[in-house]
Amino acid sequence: MGIHGLAKLIADQAPGAIKEHDIKSYFGRKIAIDASMCIYQFLIAVRQDGNLLQNEDGETTSHLMGMFYRTIRMLEHGIKPVYVFDGKPPQMKSGELEKRGERRAEAEKQLIKAQEAGEQEDVDKFTKRLVRVTKQHNDECKKLLSLMGVPYIEAPCEAEASCAALVKAGKVFATATEDMDSLTFGTNVLLRHLLASEAKKLPIQEFHFSRMLQDIGLTNEQFIDLCILLGCDYCGTIKGIGPKRAIDLIKQHGSIEEILDNIDPNKYPAPEAWLFKEARGLFLDPDVVDCSTVDLKWSEPVEDDLIQFMCTEKQFNEDRIRNGCKKISKSRQGSTQGRLDSFFSVTGSLSSKRKEADVKGSAKKKQKTSGSGKFKKGK
C-alpha cells in the first residue's frame with residue numbers, strides 16, 4: 001500500500017526534490033528493485049484476452065514473461081538490476097493484511113455477481129483485484145533470475161526496507177518501486193515508473209530524500225511521523241486529518257505526541273491503543289539485510305538450463321528465449337563501458353589560496369598581453 005498521498009504531497013511541497021528522466025539516463029546504474037511489486041504488476045498487465053498467460057498444464061506464466069522481458073530491457077539500457085524479495089511481514093502489518101483479506105472476500109462476491117450478470121468490464125476489474133503474489137510466483141522468478149545471471153536478495157522482512165538499506169550502504173544507486181514507503185525507510189533516491197516507463201510512455205520520476213526534507217523543512221523523524229499521519233501499513237490514523245492538515249501540524253508541533261496534546265480529541269479522534277510509536281520504531285530501525293555481506297554480481301545467462309526451464313517446463317517459444325539470451329550477453333559487453341561519473345570524483349570548490357593564485361596569474365597574463373599590445377602600437 002505504501003504511504004497515502006505522499007507522492008502528491010511531495011510534488012506540492014517540494015517539487016525541486018523530484019526529477020524526471022528517460023530510462024537511458026540510468027546507464028551503468030545499479031538499482032534495487034522491489035520484486036513483489038514487479039511480479040504483481042506483471043500478473044495484472046501481462047494478459048491475453050483479459051486472462052493470465054498459462055501453459056498447457058494450466059500454470060500461470062505471466063510473471064515469468066514479464067520478469068524475463070522487462071529485465072532484458074533494463075539490461076539493454078545498461079542498468080544493473082538487483083531484485084529484492086519480501087521476507088516475513090512484521091507482526092504490525094497483520095491488521096493491514098487482514099483488511100486486504102476482507103477486500104479480497106468482497107471482490108470475490110462482486111466477481112460472482114458480475115459473471116452472473118455478464119458484465120465483462122466488471123469481471124475484469126474484480127478479477128484483477130483478486131490477484132496476489134504467491135510463494136510459487138516468487139520461487140519461479142528467483143530461479144529465472146539466477147539462470148539469467150541477475151542477482152536477487154531475500155530480505156528478512158519488508159523488501160522496501162532492505163532496498164533502502166542497500167542504497168544507504170552505497171551498494172546501489174536507487175530503489176525502484178511504486179510504493180512511497182521506501183522514502184519513509186530512508187532510501188536516498190526513489191525511482192517510480194522504471195518498469196512501466198516505456199510501455200506507458202511515462203517519464204521515470206526520481207525522488208531525492210535529502211532535498212525533500214530540506215525543502216519541506218522536516219527532520220527524518222518528523223517525516224516519519226508525517227507518513228504515519230498520512231497512513232501506512234502498520235497502524236491507523238487520526239480521523240479528520242488529511243495531508244495538508246498533517247504537514248501543518250507536524251511543522252507546528254514537531255511530533256505526534258505534541259500533536260495529540262494540542263488537538264481536540266473529540267474533533268480529531270486517534271485510534272484506540274494507537275501503535276504509532278511502534279510504527280515509528282519500525283521505520284527508524286527496520287529488520288534489513290546485512291549489507292556488509294552483500295556481494296552483487298551479474299553474469300552470463302545459463303542458456304541450456306534457461307531453455308529447459310522456460311521452454312521445456314513452461315512452454316515458452318525457444319527461439320524467443322534464445323534471442324533473449326543473446327541480448328543479455330550483448331548487454332553485458334556494453335555495460336562494461338561504465339558511467340562517465342564513475343571515472344571522476346567531485347572535489348568541491350577551489351580553496352581560497354588556489355583561487356587567489358589563479359586570479360593573480362590571470363591578472364599578470366592580462367597585464368603582459370596589454371603591454372605587448374602597446375609596444376606594437378608604438379612601433
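Tutor: Start where α3 meets α6: H63, L64, M67, F68, T71 and I72 of α3 face H137, E140, C141, L144, L145 and M148 of α6. Contact here means heavy atoms within 4.5 Å. Helices (H or I, at least four residues) and strands (E, at least two) are DSSP runs, numbered from the N terminus. By class, this contact holds eight nonpolar, three polar and one charged residues. Ala, Val, Leu, Ile, Met, Phe, Trp, Tyr, Cys and Pro count as nonpolar; Asp, Glu, Lys and Arg count as charged; the others, Gly among them, count as polar.

Some ground rules. The model is predicted, so local features need pLDDT of at least 70 and side-chain atom pairs count only at pLDDT 80 or more, while totals for chains, interfaces and linings use all residues. Residues are numbered from 1 along each chain as its sequence is written, and side-chain values use heavy atoms, with hydrogens and water left out.

Now the geometry. Two packed helices are described by the angle between their axes and the distance between the axes. The axes of α3 and α6 (residues 135-148) come within 10 Å and cross at roughly 35°. Axes are lines fitted to C-alpha atoms, for helices over the stretch in contact, and angles run from 0 to 180 degrees between N-to-C directions. The crossing of α3 and α6 is right-handed. That label applies if the near helix is turned clockwise from the far one by less than a right angle; anticlockwise gives left-handed.

Helix α3 (residues 62-76) has another partner, α2 (residues 35-45): the two axes come within 8 Å and cross at roughly 115°. This crossing is right-handed too. On the α2 side, the contact uses I39, F42 and L43; on the α3 side, S62, H63, G66, M67 and R70. These residues divide into four nonpolar, three polar and one charged. H63 and M67 of α3 are in the contact with α2, and H63 and M67 are also in the contact with α6.

Step back to the core. A nonpolar core is a set of buried Ala, Val, Leu, Ile, Met, Phe, Trp, Tyr and Cys residues joined through side-chain atoms within 4.5 Å. Buried means under 20% relative accessible area, exposed over 50%, partly exposed in between (1.4 Å probe, protein chains only). The largest core has 56 residues, and Y83, L144, L166, L306 and M310 touch the most other members. Helix α3 supplies its largest share, six residues. Another core, of 45 residues, lies apart from it and includes I3, F185, I256 and F276. L144 also sits in the contact of α6 with α3.

Follow L166 next. Not counting residues up to four places away in sequence, L166 touches A32, V84, I153, K171, V172, V289, C291 and V294. L166 is one of the buried residues of α7. Nine of the 10 residues of α7 (residues 159-168) are buried. They pack against β2 (30-34), β5 (80-85), β6 (152-154), β7 (174-176), α8 and β8 (189-192). Just after α7, G170 takes a positive phi of about 80°.

D181 lies in α8 (residues 181-184). D181 counts as buried because its relative accessibility is 2%. Setting aside neighbours within four places in sequence, D181 contacts G2, I3, E160, D233 and F283. E160 is among the buried residues of α7. D233 sits in the loop between α10 (220-230) and α11 (243-253). At a relative accessible area of 5%, D233 is buried as well. D233 and I3 are 230 residues apart in sequence, yet 7.7 Å apart in space, C-alpha to C-alpha.

Last, the backbone. Most residues other than glycine have a negative phi. H193, in the loop between β8 and β9 (204-208), has a positive phi near 70°. H193 is buried, with a relative accessible area of 17%. A273, in the loop between α12 (256-262) and α13 (276-284), has a positive phi near 50°. A273 counts as exposed because its relative accessibility is 66%.
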